Each structure stands twice: as structure tokens, then as C-alpha cells.
Amino acid sequence: MDLASFQAQLDALRVRALQAIADASSPDTLAEVDTSILGRKGELRALLGGIGALPAEDRPRVGALANPIREEVEAALAARREHLEASALEARLLAERVDVTLPGRAAWRGSLHPIRETEREIARIFGQFGFVVVESPEVETDELNFQALNIPADHPARDLWDTIYVQEPDGAPVDGPKHLFRTHTSPGQIRAMRAAEPPIRILTPGRCFRYEAVDASHAFEFFQVEGLMVDEGTSMAHLRGLLDAFAHEMFGAGRPTRFRPGYYPFTEPSVAFDIGCVVCDGSGCPACKRTGWMTILGAGMVHPVVLRNGGIDPERYQGFAFGMGTDRITMLRYAIRDIRAFLANDLRFLERF
Ligand code: PHE
């Protein structure tokens with residue numbers, strides 16, 4: 001080999017290298033070009049490794065020929081790398097572009113369920129008279145749902161509550177507690193009396209269950225709020241005054257109210273508490289079955305047997321209790337015609353509150 005053919009091979013390598021650099025479309029392919037030309041096992045090294053074949057006096061000139069080409073290739077690589085990186089960034093910016101001038105999407109805000117709203121309003125009204133909210137379980141024992149409330153097993157009064165019983169787990173003692181879905185919030189009375197000394201003023205709002213034929217005014221899953229007051233000298237007059245105050249705040253100051261005799265095994269005497277019909281204001285309409293009155297709750301003086309079952313001395317203390325259907329109160333407040341709407345989870349209904 002002579003210097004001229006070395007020079008020719010060097011030029012050919014230069015042309016190939018610059019072409020490959022220009023063709024590289026990604027930083028990765030560019031890195032491959034870099035290694036294959038300038039790397040330890042690259043073409044330039046291979047070419048330089050052959051200079052032993054040159055005449056001795058030509059060898060010192062090899063560096064002067066090869067170095068400018070190496071520098072040119074290095075510069076081309078650097079320029080191409082910079083270009084590829086810049087356009088990758090540009091492509092990314094383009095893809096991830098955000099138009100900050102677009103109008104925002106409004107956050108969707110939930111609202112309280114109408115039943116919960118009514119529970120809060122009931123708690124607010126009775127709260128003014130010192131009643132506090134306590135919770136009571138939805139799965140109850142037969143003892144607390146019935147027996148302690150003066151409703152013995154096999155007593156016909158049980159027919160007032162169509163009960164859904166819970167199957168006891170395998171291995172549960174035959175004479176152990178029997179469980180059921182509470183049919184009313186009244187077992188909360190017993191729990192409250194056993195948990196605290198009088199004076200007691202509590203509300204227990206919550207979900208109840210009955211084996212009902214479902215229609216527009218009956219659900220098998222519904223809500224009640226129980227109220228209980230136990231103290232010395234508690235009387236029916238206190239009950240009446242309290243319920244009047246409640247009815248007037250909930251349904252309007254002029255709303256007439258009345259007590260009618262009622263029956264519950266756990267209160268004596270027992271009453272139904274009526275308000276003047278909220279639809280016709282008392283003149284008589286289909287909503288009040290033309291009576292002008294609507295019953296909104298049951299109530300009465302706590303039966304001495306029930307006080308005793310709650311660990312309270314009926315000679316010293318008296319109490320009253322009331323229980324209202326939260327669904328019904330809510331239906332009257334908002335003129336809702338079908339109780340099934342509450343648990344249907346239809347947003348078109350729920351969004352209106
Ligand atoms: N627990 C009764 C019911 O569900 C309502 C009630 C409660 C009546 C408290 C009197 C006293 O029908």
C-alpha cells in the first residue's frame with residue numbers, strides 16, 4: 001500500500017461515515033454509527049492498524065491525514081446528536097401540549113341524601129332540647145328487639161312487625177342469642193338505658209328492616225329515628241310539648257297537632273301523633289284519606305317493665321319514647337310520592353337535593 005491509496009481509503013471512510021450520520025434518525029442508531037466508525041474495533045482503527053504496510057518515510061504523515069477526518073466525523077456526530085435530541089424534545093412537547101386557555105371542567109359535587117338531610121334536621125331540632133344522637137346496631141338480638149321491650153316470644157304483638165331473622169352460624173349454641181334485622185330502632189332504648197344513668201335524652205337514627213310487600217309507601221328497608229327521655233318527673237305533657245315544638249319547626253309554626261290513642265307493648269299509655277295534612281292543610285284530600293290529619297310518629301310513656309329491663313327503677317324515674325319513620329317525614333317535607341326512590345340510587349332523583 002502507498003500513501004495515495006491510504007488517503008483514498010480514508011476519504012471513502014469519511015464519505016460513508018458522514019452519510020451514515022446524516023441517515024441516523026434516532027440517538028440509538030447514531031450511537032451505533034459512532035461505535036462502528038470511531039470505536040475500539042471500529043473502521044478507523046482498523047485502517048490505521050494497516051499503516052505497517054506503508055513505506056517507513058510515509059508513516060509520520062498518517063496522523064496529519066487521519067486526525068482532521070476523525071475530528072470532522074466527531075463534530076458531525078455531535079451536531080447530529082444535538083439535532084436529534086432537540087427534535088425529540090420538540091415532538092414530546094407537541095404531544096404533551098396543554099391548552100391552558102380551555103375552560104376548566106367543573107368539579108362534580110355530591111350532596112347529602114335526603115334521608116340523611118332529614119335525620120340531621122331532626123337531630124338539630126331535638127338537639128335544642130338536649131337530645132344527643134347515639135348509634136345502635138342494625139342486626140339485633142331477639143331479646144333487645146322484642147323481649148326487653150315487653151314483647152315475649154309467641155306474643156301476638158309480634159305480628160305488628162314482620163321480621164327478617166338471621167340464620168345463626170353453624171355451631172352457635174342452641175340456647176344462645178337469636179339474631180334478626182331490627183324491625184325498629186326501639187332496641188336502642190334498652191341499650192341507652194343499660195349504658196347510662198338518668199337523666200337520659202337520646203336519639204337513635206338508623207336503618208330498619210321488615211318483611212314487607214313493597215309498594216309506594218312500604219319498603220323492606222327503611223329508616224327510623226327513635227327518641228327516649230328518662231328522668232324524674234317526666235310526664236306526657238313534656239312529650240306533647242316536645243313533639244309540638246318538633247312539628248312546628250319541621251312542618252311550619254301554625255301546623256295543628258293531636259294525640260290519638262295508640263298501642264305499643266313498650267309504652268303505656270301509647271299514642272299516635274298527628275299533624276294537620278301538609279297537602280290540603282286539613283280540608284281533606286286523598287293524601288290524608290280525607291281526614292285532614294297525617295300520623296307522623298308513634299309515642300308513649302315508657303312501660304315500667306321496659307324501664308326495669310333497662311336497669312332503671314320505675315318508682316323513681318319515668319320516661320317517654322317516640323319513633324318516627326324518617327322516610328315518611330322526608331316524603332312529606334319534599335312531596336316525594338314513592339318511598340322506593342330513596343334506595344333506587346337514581347342520580348336524577350338524588351341530584352335534586
Ligand atoms: N317502635 C315503634 C314502631 O316501629 C314506634 C314507637 C317507638 C312507638 C317508641 C312508641 C315509642 O312501630
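Two strands are said to pair if DSSP finds at least two bridges between them, and in this predicted model seven strands form an open sheet in the order β1-β4-β5-β9-β8-β7-β6, with mixed pairing. The model also holds a ligand, which 15 residues surround, and the space that this ligand takes is the largest pocket. The points below go through the sheet, the ligand and its shell, and then some backbone details.

**The sheet**

- β1 (132–133) and β6 (257–264) stand at the edges of the sheet, and because each has a single partner strand, one side of each is left without a neighbour in the sheet.
- In general, the strands of a sheet pair through backbone hydrogen bonds, and they do so either parallel or antiparallel.
- β5 and β9 run antiparallel and are joined by eight bridges, while β8 and β9, which also run antiparallel, are joined by five bridges.
- Met324 in β9 stands opposite Val225, and Met324 is also the bridge partner of Leu297.

**The ligand and its polar contacts**

- Among the 15 residues that surround the ligand, the closest are His184, Ser186, Arg210, Gln224 and Glu226.
- An N or O atom in the side chain of His184 is 2.9 Å from a nitrogen atom of the ligand, and an N or O atom in the side chain of Ser186 is 2.8 Å from a nitrogen atom of the ligand.
- For Gln224, a polar side-chain atom lies 2.9 Å from an oxygen atom of the ligand.
- On its own the ligand has 330 Å² of accessible area, and the protein covers 93% of that area.

**The shell around the ligand**

- The space taken by the ligand is the largest pocket, and the elements that give two or more residues to the shell around the ligand are β5 (221–231), β8 (293–302) and β9 (318–325).
- The largest share of this shell comes from β9, which contributes three residues.
- By residue class, the shell around the ligand divides into six nonpolar, seven polar and two charged residues.

**Backbone details**

- The peptide bond that runs from Pro198 to Pro199 is cis, with omega near 0 degrees, and Pro199 lies in the loop between α7 (187–195) and β4 (200–209).
- A cis peptide bond also runs from Glu268 to Pro269, with omega near -5 degrees, and the place of Pro269 is in strand β7, which spans residues 267–276.
- Asp281 is not a glycine, although it has a positive phi of about 55 degrees, and Asp281 lies in the loop between β7 and β8.

Terms used:
Residues numbered from 1 in each chain as written. Predicted model: local features only at pLDDT ≥ 70, side-chain atom pairs only at ≥ 80, totals over all residues. Heavy atoms only, no water. Near = heavy atom within 4 Å. Polar contact = N/O pair within 3.5 Å; in protein donor to acceptor, adjacent residues only side chain to side chain. Areas by Shrake-Rupley, 256 points an atom, 1.4 Å probe, with all protein chains shown as cover. 1 Å grid on protein atoms, 1.4 Å probe; cavity = no way out; pocket = protein on both sides within 12 Å on 5 of 7 lines; lining within 4 Å. Sits in = over half its atoms within 2 Å of the grid points. Helix = DSSP H or I, 4+ residues; strand = E, 2+ residues; numbered from the N terminus. Nonpolar A, V, L, I, M, F, W, Y, C, P; charged D, E, K, R; others polar.
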